[in-house]
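Keep the sequence and the structure side by side while reading.

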Amino acid sequence: MPVRIGELLLKEKRITPEQLEEVLAYQKAHGGKLGLNLVKLGFVKDEDITALLSKQYGVPSINLTQFEIDPGVIKLIPGETCHKYQIIPLSRSGATLTIAMTDPTNVFAMDDIKFMTGYNVEPVVASEGAVVDALDKYYPAAPAKKVDTGASALDMATRAIEEMPTLDDADVEVLAELEEISAEALQRQGEEAPVIKLVNVILMSAIQKGASDIHIEPYEKEYRVRYRIDGILYNIMAPPMKYRDAITSRIKIMSKLDIAEKRLPQDGRIKIRFADNGSAKDIDFRVSCLPTLFGEKIVMRLLDKDKLMLDMTKLGFEQESLTKFEFAIQKPWGMVLVTGPTGSGKTNTLYSSISRINKSDTNIMTAEDPVEFNLPGINQVQVRENIGLNFAAALRSFLRQDPNIILVGEIRDFETAEIAVKAALTGHLVLSTLHTNDAPSTVNRLMNMGIEPFLVASSVNLICAQRLSRRICTNCKEPHPLPPPALVQAGFSPEDAEIVVPMRGAGCDKCNRTGYKGRVGLYEVLEVTDELRELILVGASSLELRRKAIDEGMITLRQSGLRKVKAGMTTVEEVVRETVK
């Protein structure tokens with residue numbers, strides 16, 4: 001809510017009611033800001049207003065006339081934005097940007113600048129006269145505009161989408177599964193409902209920042225938008241609570257969900273097309289709506305075909321692990337399992353695998369929930385639990401379709417596991433995923449589901465556990481030596497600890513000051529040898545299987561990570577965060 005400076009001054013007895021009436025009449029006749037008119041008529045001084053605001057809102061004050069601003073800081077915020085909100089950027093320290101404001105309660109301005117620059121915003125109070133003088137000094141080319149300090153979030157979104165180079169409404173269209181909605185129709189909608197522009201900002205900004213997921217979360221007194229970038233969630237913006245239902249409804253309309261249903265979870269999909277360097281580009285968003293205590297939380301997974309890495313040599317496999325993996329997927333029958341938590345790159349590894357073995361003489365069938373990417377030459381089936389088409393039902397049908405290779409999106413229950421194992425034992429190559437912590441524990445997970453040890457031992461050829469670790473930004477990479485004891489504790493041998501020099505990212509514009517850009521896979525590949533099969537048959541624990549696999553040369557997740565630290569690809573902190581010794 002904008003500051004009512006006249007009421008504050010009257011309450012503090014800095015002016016009389018008669019003076020307030022006089023300045024209001026003067027403002028009506030001549031225009032201008034109330035605070036400037038109070039100073040012009042000599043009723044108060046600039047310093048009085050600044051001191052009052054500082055005391056009232058607990059925000060430090062500053063005398064702009066005695067402050068020289070670095071030109072590099074001035075460039076962080078466009079002059080048009082500074083004139084609109086009557087602000088001046090003062091300094092930057094790390095990820096915090098300090099700005100001088102005439103109205104420290106204007107959260108829309110602070111959210112807008114945070115959204116635009118990516119920095120945390122720290123406000124200080126300056127007088128209106130000093131800010132106007134500073135605007136004339138540092139942004140002389142910017143046209144003076146009437147400042148609306150009560151600007152709505154929708155105005156902010158409209159202006160933000162116009163400032164982003166790829167966000168012209170004519171470049172954004174929502175695609176139906178089989179038909180396209182024209183850009184002109186979307187533009188007309190955008191003019192009628194600015195919430196559409198705000199949602200477009202959220203979607204397009206996520207693409208530009210390289211996010212993998214968008215989280216839109218309602219709480220009791222807060223509504224926030226977060227992006228997951230390189231595996232880490234970052235707060236991006238906080239739209240006003242009153243737009244919660246409008247944003248949710250817009251996303252539901254785009255993803256063809258039931259707007260009236262607010263009590264049950266729903267899943268959908270959005271396809272958008274936008275202009276990317278002059279050419280049209282399509283991106284899918286997988287949408288999940290979940291009813292929470294204070295509204296529906298929406299999570300959108302970005303599915304960008306251009307980021308799908310189908311070259312197995314570039315995923316991050318160590319050479320010996322890659323050799324084992326490729327040997328296993330070239331076998332005519334058996335099971336290859338990829339394990340890891342959600343978001344660890346399992347789907348990418350599986351798609352890379354079937355792309356490697358996709359030939360004209362093979363029949364490849366996949367059952368997925370959902371189908372994330374369309375791959376040419378591969379028969380992909382979307383699992384639909386609500387009509388009885390689950391993984392088990394799809395697998396039964398696959399076996400009547402003369403398949404060579406079967407991909408099961410996930411083994412979730414005994415029925416699916418049983419059919420997959422039987423398929424692997426009857427001349428089919430089966431690829432699938434499970435949620436386990438490491439490769440050896442996958443064997444016990446299958447047995448806990450009810451699969452007999454002799455079936456597990458006979459059917460499974462290889463298990464690959466994986467994680468994704470943030471990659472150091474190549475633009476700001478620099479040495480970051482650590483003491484040998486710390487490296488030994490992380491898992492390096494004493495000899496390696498003496499010679500290894502870890503790297504880190506100093507932080508630059510390309511990596512948004514995080515020091516990381518992109519991710520690299522950590523892989524633990526367990527090849528099921530005859531010795532391991534004997535241990536599985538006698539019901540060995542995952543710990544015994546792990547020891548035997550390491551003796552046979554298995555590279556663990558931690559060792560895979562340390563190799564990438566040694567190669568300067570990631571940091572010790574990332575490896576320790578993602579793996580255990």
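Is aspartate 304 buried or exposed? The model is a predicted one. In it, aspartate 304 has a relative accessible area of 10%. The cut-off for a buried residue is under 20%. Aspartate 304 is therefore buried.

This residue sits in the loop between strand S10 (295-303) and helix H13 (319-329). Its side chain makes a polar contact of 3.2 Å with the side chain of lysine 281. Setting aside neighbours within four places in sequence, aspartate 304 touches Lys281, Ile283 and Phe373.

**The chain as a whole**

The protein chain holds 24 helices and 19 strands. Of its 581 residues, 51% are buried. Consider contacts between residues at least 6 apart in sequence: 64% of them join residues at least 24 apart.

S1 and S2 (residues 96-101) run antiparallel and are joined by 6 bridges. Isoleucine 87 stands opposite methionine 101 in S2. Glutamine 86 lies in the loop between helix H6 (79-85) and S1. Glutamine 86 is buried, at a relative accessible area of 5%.

**The seven-stranded sheet**

Another open sheet has 7 strands, again with mixed pairing. The order is S13-S12-S14-S15-S11-S16-S19. Its edge strands are S13 (379-382) and S19 (516-527), and each pairs on one side only. The twist averages 20° from one strand to the next. Helix H16 (residues 414-425) packs on this sheet, touching S11 (334-339), S14 and S15. H16 makes about 135° with the direction of S11.

Within the sheet, S14 (residues 405-408) and S15 (residues 429-434) pair in the parallel sense over 4 bridges. Isoleucine 405 stands opposite leucine 429 in S15.

Helix H13 has a set of buried residues: Ser321, Leu322, Lys324, Phe325, Glu326, Ala328 and Ile329. What covers them includes S11, helix H14 (346-356), S15, strand S16 (460-472) and S19.

**A hairpin and a helix pair**

Strands S8 (residues 266-276) and S9 (residues 279-292) run antiparallel, joined by 11 bridges. They form a hairpin with 2 residues between them. Arginine 273 stands opposite aspartate 282 in S9.

Helices H21 (residues 530-537) and H22 (residues 542-551) pack at about 170°, their axes 10 Å apart. The two are therefore roughly antiparallel. From H21, Glu531, Leu532, Leu535 and Ile536 meet Glu544, Leu545, Lys548 and Ala549 of H22. By class, this contact has 5 nonpolar, no polar and 3 charged residues.

**Backbone and loops**

Most residues other than glycine have a negative phi, and most peptide bonds are trans. The table lists some departures.

| Site | Feature | Value |
|---|---|---|
| Glutamine 86 | positive phi | near 55° |
| Aspartate 230 | positive phi | about 55° |
| Asparagine 277 | positive phi | about 55° |
| Aspartate 369 to proline 370 | cis peptide bond | omega near -5° |

Asparagine 277 is in the turn of the S8-S9 hairpin. Aspartate 230 belongs to the loop between S6 and strand S7 (232-237). Aspartate 230 is buried, with a relative accessible area of 15%. Proline 370 is in the loop between strand S12 (364-368) and S13.

Where is lysine 221? Lysine 221 lies in the loop between strand S5 (213-218) and strand S6 (223-229). With 75% relative accessibility, lysine 221 counts as exposed. Its C-alpha atom is separated by 9.6 Å from that of proline 240, 19 residues apart along the chain.

Conventions
Residues numbered from 1 in each chain as written. Predicted model: local features only at pLDDT ≥ 70, side-chain atom pairs only at ≥ 80, totals over all residues. Heavy atoms only, no water. Pairing = 2+ DSSP bridges. Axes fitted to C-alpha atoms, helices over the stretch in contact; angles between N-to-C directions. Parallel < 35°, antiparallel > 145°, perpendicular 65-115°, else oblique. Contact = heavy atoms within 4.5 Å. Nonpolar A, V, L, I, M, F, W, Y, C, P; charged D, E, K, R; others polar. Buried < 20%, exposed > 50% of the residue type's maximum accessible area, 1.4 Å probe, protein only. Polar contact = N/O pair within 3.5 Å; in protein donor to acceptor, adjacent residues only side chain to side chain.
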